[in-house]
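Subject: Handover of a predicted two-chain model

Dear colleague,

Please find below the structure that I am passing on to you.

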Amino acid sequence: MRKLLICAAAAVATLVVPLSLHAPSAQSATIARVIVKYRADSTLLRKQALSVTGQQTLQASALGNRIGIALDAGRAISDRSHVVIGRGMTSQQLAARLAAQSDIEYAVPDERKRIVEVPNDPFYASGPAVGPTSGGPVVGQWYLKPPAAASTAAHTAPAAINAEQAWDITKGSASIVVAVLDTGLRFDHPDLQGGNVLPGYDMISADGPGDFTSANDGNGRDADASDPGDFVTAADSTALGCSESNSSWHGTQTLGLIGATTNNGVGMASAAHGGVKVMPVRVLGKCGGFDSDIAAGLLWAAGIDVPGVPHNANPARVINMSLGGSGTCTQTYIDAIGQANQAGAVVVISAGNSGGNGVSNPANCPGAIGVTALRHVGDKVGYSDLGPEITISAPGGNCVNTAAGDPCLYPILTLTNKGTTAPVAGAAGAAYTDSFDASLGTSFSAPLVSGTVALMLSVQPTLTPAQVKSKLQATARPFPSTGGTAGIPMCTTSSTSQDECYCPNPGVGITTLCGAGMLDARAAVASAAGVQAAISLTTTTPTANQAVVLTSTSVAAAGRTIASYQWTILNAGTTGATITGANDGSAVTVAPTAAGSFVIQLVVTDDLGTSSTTTLSVAVVSGVVTPPASTPTGGGGGGGGGGGAIDAGWLALLLAAVAALAATAPRERTRRIALSAAWRRDRSRVRSDRA
Amino acid sequence: MSVSTATRSVVAAAAGCALVAVLASACSAPRDVAGEAQQLRVMVKLVRGSEDAMAIGVEASRIAGVRVSYAAATSAHWHALALHCASAAECDAAIARLRAASNVYQTVEIEGRKARLVS
């Protein structure tokens, strides 16, 4: 009997599956491999007195029965996750079918992976040879690598952001522009010759009539965003009120981290792999820059016009600001960041370097993505500021050993220029920071986030700034609570400055101080690459007793397609709303019978098995009810009489239902046959395994 | 009225306005530049946006009671101004007067400088 049932099921499945999948017969020999993870509350996880392999064989079988496909269990991954193997379809198709099951947390193709492509830029692996006064770091661009690869025999580096594996998903889109509000740029650096650098703008205005001390280029705002140097002489120090210093080439350093040409065999790699456009906006000169110029640069970068300045034809989707000052957020920045966000720009700002005090302005402003700096081991580095306004943390560079003359072990290697005052022109002036001229600061944490955001937008340009922030936070890795210098405390909400400390992870009753966790570029970009569910209400005014049509306006990531739709009424409320016809198409018809509101959910799954869910609350107004003369109207209320003619809305509803039924009936009938046979097969297999 | 007459009238009016503006600016400055000991930059957000730098400066001088020079535009609503005062107290009073003019200024705040964040 058992054999008979299995044969029947197999016969039906053979007939049904190719039809339901519209799969060409050539695919019948295709083997699909999918990794499934069951939800924690899945009934398929009920413990049996079996080995893990035995349990997962049962689970695969039961799962297969639910979708009418024979599935075998493959390799176990965890107690809730294993590989399932099916035949006659692609892994993508099987993953899409499985992902739509309520018991499944996720289902993704079990694909072969090649060795991850590591860029051939020499300093990615290791900085220049370490000498007495120059070279290093030995760990190269450790901060871009996977944490395991960034670790050495002596040190682990869990804070490394894993941009390397994010590049497997995308190497950046030239349609995404990252603006870098900083000191300008040395355009002639050999590692910026990949054709991805836009001219930008110099937004530094005069200090006073005819006084261009801060700007140091002899003029005010103009189209030349090159960096003439921000060195401060004794006279400048007196005039502007800051300390004497050499030129920093800070804008070249921060922009290089985002957009240096990558895999060109020269120098360094960058977080966005040189694939996105980068645009310098010069707002900092000698002794920094004024709020008015910075806010103007912010608006202009986002494509918002600034009086007296030509329109920016290349609006930025990401704006990096490795700058700040003390104090609470001012209205100038609240307005400017808000407008930039409204224009679609993600604004990433460094937390500040005042030694563990409150977050600097404007990183503490609403709408900003504030970034705290981490040591290589993932605890907060001493110089970095922190507070509840922070979104996420990323490496900022740290030295580990501090004896005089020792090389800094974990600095952030990036582009610079050899000039101490004016720039040294051309290749002769090009240089990289290293273990002795070390780049350290939250200035270098923010560009790593900006580069990651640029990759996220490259695969999913429809993401809003709020969605980007949410995905960055959701995909961040937890902060460690070990590995730091012996005896360091947890960071607290104390108003006093805090040196190195362990960042608190999010949790109930916990105030986060370094954001949601450590930046994980690979996870953030993978999250962005997924499908985005969206619902559009097609019916203008949903009315009781009339068909309400809702349409999916979901968007798949570049190169992906939407494989399935699943509509569900989550809460009918007082409307009595039900779905009429198919609930697995790109549109759905709902029949409310009374006024009120209902909530509908749409789950879409792309061809890689990634799902996205959204809900929509739909308000339904009362219709003009014209009951038949014989129908009692009940107590109270007016309500005129009427003829017995059928209401136009009901007629439309009826026609829609009939059409939907006609379209789905054969498929539904076939599915029921398959399920029935599969159910019998499932029961017989269970009996067999238990025996 | 002929076109040329109209044009002359407009030009004359504009020149007159400019003269009035210059005079107003001069009149509103309580003391000469040599006597100014303090310069304080502020950001103002106009209730009604404008891109007329001269008019914005003149009006700010009138309201603040000190000489005000226009510094930079951030947007049509936000502008940077430099207050020239004899003392810190005079600048404080000037800012208070600007803030009190809520029909002209939605926000008045002291402008700061920001620096690169290297350790």
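In chain B, which has 119 residues, 34% of the residues are buried; a residue counts as buried if 20 or more other C-beta atoms lie within 10 Å of its own, as exposed if 12 or fewer do, and as partly exposed in between, with C-beta atoms placed from the backbone. The chain has three helices and five strands, arranged along the sequence as α-β-α-β-β-α-β-β. Helices (H or I, at least four residues) and strands (E, at least two) are DSSP runs, numbered from the N terminus. Of the contacts in chain B between residues at least 6 apart in sequence, 69% join residues at least 24 apart; a contact requires that the C-beta atoms of two residues, placed from the backbone, lie within 7 Å.

The model is predicted: local features need pLDDT of at least 70 and side-chain atom pairs count only at pLDDT 80 or more, whereas totals for chains, interfaces and linings use all residues. Residues are numbered from 1 along each chain as its sequence is written, and chains are lettered from A and ligands numbered from 1 in the order in which they are written.

The interface

Contacts between the chains involve 38 residues of chain A and 24 residues of chain B. On the side of chain A that touches chain B, two or more residues come from each of β8 (289-290), α9 (291-301), β10 (323-324) and α10 (331-342) of chain A. The most come from α9(A), with seven residues. By class, this side of chain A has twelve nonpolar, 22 polar and four charged residues; Ala, Val, Leu, Ile, Met, Phe, Trp, Tyr, Cys and Pro count as nonpolar, Asp, Glu, Lys and Arg as charged, and the others, Gly among them, as polar.

Strand pairing also links the chains: β10(A) and β5 (residues 113-116) of chain B are antiparallel and share two bridges, where two strands pair if DSSP finds at least two bridges between them. Leu323(A) has Arg116(B) as its bridge partner in β5(B).

Helix α13 of chain A

Helix α13 (residues 465-474) of chain A has Pro465(A), Val468(A), Lys469(A), Lys471(A) and Leu472(A) buried. Seen down the axis of α13(A), these residues fall within an arc of 165°, so they line one face of the helix; the arc is that of the directions from the helix axis to the C-beta atoms. On the other side of α13(A), Ala466(A) and Ala474(A) are exposed. The elements covering the buried residues of α13(A) include α10, α12 (445-459) and α14 (521-529) of chain A.

The sheet of chain A

An open, antiparallel sheet of three strands has the order β18-β21-β22 in chain A. Its edge strands, β18 (562-571) and β22 (611-620) of chain A, each pair on one side only. Ten bridges join β21 (residues 596-606) of chain A to β22(A). Gly596(A) has Val620(A) as its bridge partner in β22(A), and Ser597(A) stands opposite Ala619(A). β21(A) and β22(A) form a hairpin with four residues between them, and Gly609(A) in the turn has a positive phi of about 90°.

Yours sincerely
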